[in-house]
Amino acid sequence: MSLLLKEIRGNPILWLLVFVPIVLIFARVRPEAHTLLFVLSILAIVPLATLLSSATESVATRTGDAVGGLLNATLGNLTELIIALAALSAGQYTLVKASVAGAIVANSLFMLGASFLLGGLKYHTQTFNRDSARLQTCLLFLATIAIMTPSAIADAESAGSPFTAQLSLGLSVLLIGTYALGLYFSLWTHREVFGSASHHEEGEATWPLGLALAVLAGVTILVALTSEVFVESVQEAAKTFGMTPAFVGFIVVALVGGAAEMASAFSGARKDRLDLSVGIALGSAAQIALFVAPVLVLLSYVIGPIPMDLRFWPGAVIMVLISTITAFLMTSTGRSAWFVGVFILMVYLVFAMTLYLLPPQAL
C-alpha cells in the first residue's frame, strides 16, 4: 500500500481521486443534477484511468506486452459491457449499438492515432509487431462483415423479422468462436510470432504483482460505477452543451468509456512500448466487435425486453468499415512516426465533425 500511496502523492492527476466518492454521493442525493454529475464523473474517471494505466503497465512488464494489452483491453471493455448491460435491460438498443460502434471507431482511430502521435513526438520512428496488428485488423474486418450482412438487408426486412433475429444470433455465435480461436492462436500455438518488437525503458519501478492485480480489480469496479453515472447524465447534459444525440453516442460516450485504456496506450507509446499501445487499441476494438457485441445479442434474450439484432445504422457501418481499413493500412509496415498518427486522427475528426453537425432525424 505504501507504493500506491507514494504514487498518488507524486502524481497531481491522482489527487482528483477525491471526486470518486463525491460523484457517487451526488448521484444518490441529487440525481436530477445531470450537468453537475456529467462534469463530476469526468473528473472522477480521469484519475481512475491514470491509476489503471500504472497497474496495467506493472502487469505487462511481467506478462509481456501482448498479454498486457489483452488484459487492459478486457478490463476496459468490461466497463463498457456493464454500461451496455444497463441500457440493454432498459431496452435502449439504439444507445447500445451507438456505444458499440463508437467504441470500435474510437479505439481503431483515435486511440491508435493519438498513440502514434504522442510516441512520434518523442521518438523519430517507432516499431511494433505488424503480424499482431494484422491479426487484430483481420479479426476486426471479419466482425465488420458480420455487422454489414444483417444491416444490408434492413430495407428488405421489417424491424421484427425472425430471419434477421436468427441471422444475428447465428453470427454472434460464430464471432465469439472466432475470437476464442484467435486468442488460442496468438497466445498459445503461435505466440512466438506475436512477441514485442519494441523495447521499454529499463530500470522502471514496477508494483508487486499482487498490488497491481488488486488495483486493477478495484479500479475497474470504480470506473464501472462512475461510468454508469456518466451515461445516465450525459444525454441531458448534452442538451446543455449543444451536442447532438449521434455525437454523444459515437464520440463522447466512447471516449469517456475508454479513458482507462487510452491512458495506458498513450503512456506505453511515450515509453516506446508501442506493441502495448497497438495491442490495447486494436485488441480492444476487435474484442468489442467479436465478443462484446455478440454477447450483448445473446444476453438480450435473457435480460432484454426483446431480442437485439446486429443491424446498425448505415452510417455507423460505413464508419466502422473505413476505420478498419485505415487501421490495416497504417499498421501494415510495423513502423510509425508522428504524421501517421496525425493522418489517423484526421479520419476520426472527419467522423466527429459529421456527427456533431448531423441532424437528429438523420438517424
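**View A. Lys-239, an exposed residue, with its salt-bridge partner Glu-236.** Lys-239 counts as exposed because its relative accessible area is 61%. The cut-offs are under 20% for buried and over 50% for exposed, with partly exposed in between (1.4 Å probe, protein chains only). Glu-236 has 35%, so this residue is partly exposed. The closest N and O atoms of Glu-236 and Lys-239 are 3.7 Å apart. A salt bridge here is a side-chain nitrogen of Lys or Arg within 4 Å of a carboxyl oxygen of Asp or Glu. Both residues belong to helix H8 (residues 209-241), where three residues, about one turn of the helix, separate Glu-236 from Lys-239. Helices are DSSP runs (H or I, at least four residues), numbered from the N terminus. The model is predicted: local features need pLDDT of at least 70, side-chain atom pairs count only at pLDDT 80 or more, and totals for chains, interfaces and linings use all residues. Residue numbers start from 1 along each chain as its sequence is written, and side-chain values use heavy atoms, with hydrogens and water left out.

**View B. Asp-131 and Arg-134 form a salt bridge.** The closest N and O atoms of Asp-131 and Arg-134 lie 3.3 Å apart. The two residues are three residues apart in helix H6 (residues 130-152), so about one helical turn separates Asp-131 from Arg-134. Asp-131 is partly exposed because its relative accessible area is 31%. Arg-134 is partly exposed too, at 33%.

**View C. Lys-97, Asp-309 and Arg-311 make up a salt-bridge network.** Side chains of opposite charge can pair when their charged atoms come close. The search of the whole structure gives five salt bridges. One of them joins Asp-309 to Lys-97, with 2.8 Å from N to O. Lys-97 sits in helix H5, and Asp-309 in the loop between H11 and helix H12 (314-331), so this pair ties together parts 212 residues apart in sequence. Asp-309 and Lys-97 are both buried. Arg-311 is linked with Lys-97 and Asp-309 in the network.

**View D. The second largest cavity and its lining.** There are four cavities of 30 Å³ or more. A cavity is a set of points on a 1 Å grid over the protein atoms alone, where a 1.4 Å probe fits but cannot get out; lining residues have an atom within 4 Å of a point. Points are joined across faces, edges and corners, and the volume is the space filled by probe spheres set on them. The second largest cavity is lined by Glu-80, Ile-83, Ala-84, Ser-99, Val-100, Ala-103, Val-253, Ala-254, Gly-257, Ile-288 and Val-292. Helices H4 (65-89), H5 (93-122), H9 (245-257) and H11 each give two or more residues to this lining. By class, the lining has eight nonpolar, two polar and one charged residues. Here Ala, Val, Leu, Ile, Met, Phe, Trp, Tyr, Cys and Pro count as nonpolar, Asp, Glu, Lys and Arg as charged, and the others, Gly among them, as polar.

**View E. A nonpolar surface patch on helices H7 and H11.** The patch covers about 500 Å² and consists of Leu-169, Val-173, Leu-298, Tyr-301, Val-302 and Ile-303. Its residues have over 30% relative accessible area and no salt bridge, and their nonpolar side chains (Val, Leu, Ile, Met, Phe, Trp, Tyr) are joined within 5 Å. Areas follow the Shrake-Rupley method with a 1.4 Å probe; for residues, only the protein chains shown count as cover. Helix H7 (162-189) and helix H11 (274-303) each supply at least two residues. H11 gives the most, with four residues. Leu-169 belongs to helix H7. At 31% relative accessibility, Leu-169 is partly exposed.

**View F. Ser-53 and Ala-263, two C-alpha atoms 5.7 Å apart.** Along the chain, Ser-53 and Ala-263 are separated by 210 residues. Ser-53 is part of helix H3 (residues 34-63). Its relative accessibility is 5%, so Ser-53 counts as buried.

**View G. Gly-249 and Gln-235.** Gly-249 lies in helix H9. With 3% relative accessibility, Gly-249 is buried. From C-alpha to C-alpha, Gly-249 and Gln-235 are 8.9 Å apart in space, and 14 residues apart in sequence.

**View H. Asp-272 has a positive phi.** The angle is near 60°, in a residue other than glycine. Asp-272 is placed in the loop between helix H10 (259-270) and H11. At 18% relative accessibility, Asp-272 is buried.

Terms used
Patch = residues over 30% accessible without salt bridge, like charges linked within 9 Å, V, L, I, M, F, W, Y side chains within 5 Å. 1 Å grid on protein atoms, 1.4 Å probe; cavity = no way out; pocket = protein on both sides within 12 Å on 5 of 7 lines; lining within 4 Å.
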